[in-house]
Amino acid sequence: MNYPFFRRKILGWYTHHARTLPWRGTIDPYRVWVSEIMLQQTTTQTVCRYFDRFLERFPTIRELAAANLDEVNRLWEGLGYYRRAAQLHRAAKEIVADHGGEFPLDVAVVRKLPGIGRYTAGAILSIAADQRLPILEANTIRLHARLLVVKGDTNRGEANRILWDFAEKILPKTGCGRFNQALMDLGNLVCMPKEPHCLRCPVVAFCESAKRGLQMQIPSPKSKVRIEERTEIAVIIRKKGKILLIKYPTGVRWAGLWDFPRCECLDGDDLPLPQRFSIITGRKIVIGRQIETLKHSVTRFRITLRFHEAQELGKISGDSSLYETRWATAQEMEHVPLNSTARKLWKNWRKTK
Ligand code: SF4
């Protein structure tokens, strides 16, 4: 492959077609880092709604490090994959403690920060410090796999190694941040998953898939995830104008977020629901009328969530609850980080009052 010509084609196209995004045009490693973490597993459109608000509240690494994780999670609410927020927060603390609050520019050091892998380190340091580091994310995996006709699982093994090698080889000597962003935009806007626009692709002449008519077969389709249906029940328990909430601990779904007491309804489960809520909250609970039903999906689960009123008959002496609990006023409910369904249930419930 004629790499200089390939680069010129990519950069020429980018001059006219670069996406306008809130984090573009900055070489502040902190802003690039926040954008890259938000973009993991989340669409650009969604991130655009969160990025400025987050940076307004936490304009520096020091301010992020000094914040309470609950507040960080509240601003992350709706972005999903909350582990990212906790890792970002933890990494900010490490940067303040070990690097005087300045984002480190040594790739080996950056790779050791929580939540930063090879791709994220490459993106931050190539964009913010023009370091000659490759990137490989969803858009570039697809683009490179099609250019080279790489079959098999592109996320691991030999296929993944070929793609990283290629991403490294095509980098220019300088201007790597701009070049990496151009590749991502080309993948996103032209080499799209379902309908690649090969006729207006600046690198069609280099593309093996286009030559062989294999665009739709590359990358190889992922094996389908088996969807599981499940029913869960959440309860709103009020006492003296306050609402009972539970906090998910580390290592479980929605770790660090608050929710209405909630559990799965299991067929043939010996333990009656009130008892299961007692284990979760450490309180005697009587379940009342159903208020509404919500349907939502989390990873491979399609969940039917029944929302009920419930009453608390007091603490169970000597028993500790499975989850941390708290009573929140209506005003506090606006600031507590809730998972998306709890936020929706709360909004709907308030409308009826
Ligand atoms: Fe993708 Fe088509 Fe361009 Fe090949 S020619 S890189 S398949 S858009």
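Here is a short tour of this protein, stop by stop, for you to follow in your viewer.

Keep in mind that this is a predicted model, in which local features need pLDDT of at least 70 and side-chain atom pairs count only at pLDDT 80 or more, while totals for chains, interfaces and linings use all residues. Residues are numbered from 1 along each chain as its sequence is written, and side-chain values use heavy atoms, with hydrogens and water left out.

**The whole chain**

Start with everything shown as a cartoon. The C-alpha trace spans about 75 × 50 × 35 Å along its principal axes. You'll find 15 helices and seven strands (DSSP runs numbered from the N terminus: H or I of at least four residues for helices, E of at least two for strands). Of the 353 residues, 48% count as buried; buried means under 20% relative accessible area, exposed over 50%, and partly exposed in between, with a 1.4 Å probe and protein chains only.

**Two domains**

Now color 3-212 as domain 1 and 228-351 as domain 2, bounds that come from an automatic or database domain assignment. Their C-alpha centres lie 36 Å apart. Six residues from domain 1 and 13 residues from domain 2 make the contact (heavy atoms within 4.5 Å).

Zoom in on that contact and select Glu-77 and Arg-343. They form a salt bridge, with the closest N and O atoms 2.6 Å apart; the term means a side-chain nitrogen of Lys or Arg within 4 Å of a carboxyl oxygen of Asp or Glu. Between the two domains the count is two salt bridges, and the whole structure holds 25.

**Helix H10**

Next, select residues 157-169, which are helix H10. Show the side chains of Asp-165 and Arg-161: they meet in a salt bridge at 2.8 Å, N to O. Both sit in H10, four residues apart, about one turn of the helix. Asp-165 is partly exposed at 31%, and Arg-161 is partly exposed at 41%.

**Strands S1 and S4**

Last stop: pick Glu-264 and Arg-230, whose closest N and O atoms are 2.9 Å apart in a salt bridge. Glu-264 is in strand S4 and Arg-230 in strand S1, so the pair ties together parts 34 residues apart in sequence. Arg-230 is buried at 19% relative accessible area, whereas Glu-264 is partly exposed at 22%.
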